[in-house]
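Colleague: Could you take me through the aromatic rings of this model?

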Amino acid sequence: MFDSKKIDSYFDNKQNFELSDTGMQHKSVSWRRLFKLTLPCVAAALLGVMVVIPNIRKSVDLQDNITVPRKGEMEKLHIEQTVFNSTDNKNRVNKIVADSVDETSPGSKLMKIVNPRGSIPTDSGVAEITASEGFFNQNNNVLNLSSDVRAVVNNDTVITSEEANYDFGNEYGWGEKDIKAKGEWGNLTAKAFTYDKGKEILTLKGYNRINSKGSTLSANDVTVIYQNENKTVSTGKASFSQNDKRLFADKIIAYFTESGKKELVRAEAFGNVVVKTPKETVTGKEGYYNPQIGEIVLYGSEKSDKSGKGYVSIHQGNNVLYAKKITAYSDTTGKKDMRKVIALGNVKIVTPNETATGKEGHYYPQVGEVQLFGNFSTEPRKTGHVTIKQGENTLRAEKITAYLDKGGKGDLVKAVAVGKVYVDTPKGSAKGDKGVYNPKENKVELFDNVRIEQNGNFIEGAHAQTDLLTSVSRITGDENTGGRIRGTFYKVRKASNGNKTKK
């Protein structure tokens with residue numbers, strides 16, 4: 001066994017070698033002096049090799065001044081004023097500068113970095129990053145930054161967080177703490193994030209919001225920002241609001257302008273879509289919003305039923321409009337109120353007292369007017385007509401225009417029917433060229449070529465009024481008929497079997 005203390009005493013001239021030859025003694029003194037002088041040089045060379053080789057293997061170049069190791073850290077690496085250079089997959093140089101670097105434990109290759117500053121090239125510019133401290137792992141080429149992390153991207157977007165990590169090998173960053181950003185995309189907030197540098201994709205995780213140019217995009221789960229495509233995809237109770245309108249859906253895809261401040265060009269919504277305005281609520285399965293022309297288009301589900309389930313619907317006061325497709329246009333000036341709605345496919349309007357149906361409908365919320373159109377490719381008397389039902393009474397026509405009360409809850413005030421108008425009651429039917437329904441008085445008036453039928457009997461005239469509560473009709477003539485009416489009545493007699501027959 002070697003005694004290290006004795007060996008040290010030899011070098012320090014505290015103990016002499018017992019040599020029988022004086023010449024040999026002088027030679028040994030010279031050898032000791034040479035070994036003592038060269039030992040620190042050899043140690044320094046070995047330390048340099050230990051530092052350089054791992055970093056060459058990890059494609060990282062350390063440019064530094066190696067200082068005297070601290071007490072108790074003879075085997076740990078300590079570097080002052082360090083520069084890390086790393087080349088990415090596109091041969092761009094990522095540069096990290098630090099005040100000092102300390103290896104956490106001997107041979108761990110996990111370096112604690114004080115006051116790191118980084119410069120990371122992107123496809124569109126450079127991201128400048130600073131933090132109070134961090135760690136660089138030479139084993140996997142990952143940089144972890146913590147406390148007061150700040151990134152400035154292309155001298156435009158400023159990002160702040162308490163944590164950020166970056167994998168130089170995979171060009172991938174992430175953070176699990178709150179993040180805030182301000183730049184061309186507006187003001188961004190999220191609970192966590194990931195960033196794919198190669199694809200230029202930023203993902204906001206947890207509840208997140210993007211406020212930009214009078215609009216707000218938010219989601220409970222994730223918003224993915226495709227920077228090269230100028231679009232975002234938000235999922236998990238996503239919402240978009242602009243002016244006095246709000247769009248909700250399970251998923252919203254938004255497209256923005258290419259340059260300058262990002263302004264919305266189009267928003268597509270999927271799953272449980274709801275559009276809210278100050279006066280209306282529109283629901284559907286999927287749709288899109290075009291803010292340039294104030295257009296909202298919603299589609300219903302293929303699995304829809306007569307009750308309205310699966311259809312697009314508009315709720316306004318006490319009234320509901322259903323259809324397979326609804327296109328709504330908002331006023332592009334002023335208050336941005338909804339000015340026109342076009343409903344297509346099995347249109348139905350439900351009020352507290354009436355139900356109106358048709359093939360197509362036009363709704364003008366600002367004046368409280370609804371126009372319903374029928375389908376005349378089939379037999380017009382029944383299936384092709386627009387209808388208004390009130391209890392057991394039905395009004396049918398080629399076209400019906402309904403007027404809603406704007407000042408109250410939107411109740412039906414009047415309906416005007418044109419083109420082969422029919423009124424069916426439990427006691428008979430009537431028809432004419434034009435009809436007016438008055439809900440408050442529960443009466444229908446028919447005009448021009450009027451004919452009332454009951455039990456095979458009929459009366460013809462120019463004007464008729466039917467009371468929907470009593471099913472009693474009154475008919476009159478006009479100046480063209482001299483005020484006269486005409487009709488045919490059949491005498492009812494009993495047959496031998498007791499049944500009534502006409503004569």
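Predicted model: local features only at pLDDT ≥ 70, side-chain atom pairs only at ≥ 80, totals over all residues.

Colleague: How many aromatic pairs does the structure hold?

Modeller: The structure holds 5. Rings of Phe, Tyr and Trp (its six-membered ring) pair if their centres lie within 6.5 Å; planes under 30 degrees apart count as stacked, over 60 as edge-to-face and the rest as tilted. One of the pairs is F136 with F168, edge-to-face at 6.2 Å centre to centre, with 70° between the planes.

Colleague: Where do F136 and F168 lie?

Modeller: F136 is in strand β7 (residues 133–137) and F168 in the loop between β9 (157–167) and β10 (172–175), 32 residues apart. Strands (E, at least two residues) are DSSP runs, numbered from the N terminus.

Colleague: Is F136 buried or exposed?

Modeller: F136 is buried, because its relative accessibility is 4%; buried means under 20% relative accessible area, exposed over 50%, partly exposed in between (1.4 Å probe, protein chains only). F168 is also buried, at 6%.

Colleague: Which residues form one aromatic cluster?

Modeller: The cluster consists of F136, Y166 and F168.

Colleague: New topic: which residue lies over the face of Y288?

Modeller: That residue is R266, at 4.1 Å from the ring centre. A charge sits over a ring if NZ of Lys or CZ of Arg is within 6 Å of the ring centre and within 35 degrees of the ring normal. The charged end of K414 likewise sits over the ring of Y403, 5.6 Å from its centre.

Note on methods: Residues numbered from 1 in each chain as written. Heavy atoms only, no water. Helix = DSSP H or I, 4+ residues; strand = E, 2+ residues; numbered from the N terminus.
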